[in-house]
Amino acid sequence: MIDSCGFNVQTEINEAEKHTFELKLRLFLSFLPRSFSARVSFSMASLLLLLLLFLSSPLSNMAASKDLVCEPITVPMCRGIGYNLTYMPNQFNHDTQEEVGLEVHQFWPLVRIRCSPDLLFFLCSMYTPICLPDYRKPLPPCRSVCERAKRGCSPLMSQYGFEWPERMSCERLPKLGDETLCMDQNSSDATTT
């Protein structure tokens with residue numbers, strides 16, 4: 001079936017999907033200003049419904065379940081840290097390493113003064129996470145790496161009015177020996193545990 005906007009619309013929707021769609025559409029329309037929702041045509045409503053159905057379908061989760069694709073690390077600060085492959089998007093939703101470079105380089109002064117010997121490895125493992133061709137799951141740094149970096153650098157950051165970034169909260173990271181694999185830094189080499 002072709003709707004009034006020229007889109008091919010699948011007409012085989014079971015009753016449960018139709019009911020779910022109608023509820024989602026009503027909820028969506030309830031958030032719109034009355035002047036706008038009064039002008040929404042049936043065609044627009046059907047397009048919104050199809051969009052909501054797609055977003056709740058397994059197809060919309062394809063990106064989340066997609067295999068990681070390894071790429072060489074190009075962020076200058078993170079080259080030579082013990083591994084050389086990463087993947088994007090990272091946990092901060094950076095799509096490119098250029099985006100990563102712009103953000104992670106704000107920590108360069110702390111790295112340069114070596115407030116913690118673990119800071120560089122920790123930052124790079126968060127911003128340019130390791131990608132192993134034979135292990136296609138995220139491999140975060142261990143909580144202990146974060147805690148050592150924070151313990152060394154947080155006091156200096158506080159002196160200048162900065163706090164440890166919430167997005168890099170150590171409590172979110174797995175502990176060494178937990179079910180979730182994580183990376184720790186052993187001397188100058190990155191090791192997995």
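The model is a predicted one, in which local features need pLDDT of at least 70 and side-chain atom pairs count only at pLDDT 80 or more, while totals for chains, interfaces and linings use all residues. Residues are numbered from 1 along each chain as its sequence is written, and side-chain values use heavy atoms, with hydrogens and water left out.

Let's begin with the overall layout. The chain has 8 helices and 4 strands; helices (H or I, at least four residues) and strands (E, at least two) are DSSP runs, numbered from the N terminus. Followed along the sequence, they come in the pattern α-α-α-α-β-β-α-α-α-α-β-β. Of the 193 residues, 36% are buried, meaning under 20% relative accessible area with a 1.4 Å probe and protein chains only; exposed is over 50%, and partly exposed is in between. Among contacts (heavy atoms within 4.5 Å) with a separation of 6 or more, 66% are between residues 24 or more positions apart.

Now look inside. The largest nonpolar core holds 35 residues, and those with the most contacts inside it are Y83, L119, F122, L123, Y127, W164 and M168. Such a core is a set of buried Ala, Val, Leu, Ile, Met, Phe, Trp, Tyr and Cys residues joined through side-chain atoms within 4.5 Å. Helices α5 (97-104), α6 (108-113), α7 and α8 each supply at least two residues of this core, and α7 gives the most, with 7 residues. Setting aside neighbours within four places in sequence, L119 is in contact with L110, V111, A149, C153 and W164.

From here, turn to T86, which is found in strand β2 (residues 85-86). T86 counts as buried because its relative accessible area is 0%. A polar atom of the T86 side chain lies 2.6 Å from the backbone oxygen of P129. Beyond its neighbours within four places in sequence, T86 is in contact with V69, C70, E71, I73, Q97, T128, P129 and C131.

Although T128 and T86 are 42 residues apart along the chain, their C-alpha atoms are separated by 5.5 Å. Not counting residues up to four places away in sequence, T128 touches I73, V75, C78, Y83, T86, M88, Q97, V100 and L123.

Methods:
A polar contact is a pair of N or O atoms within 3.5 Å; within protein, one must be able to donate a hydrogen and the other to accept it, and residues adjacent in sequence count only if both atoms are side-chain atoms.
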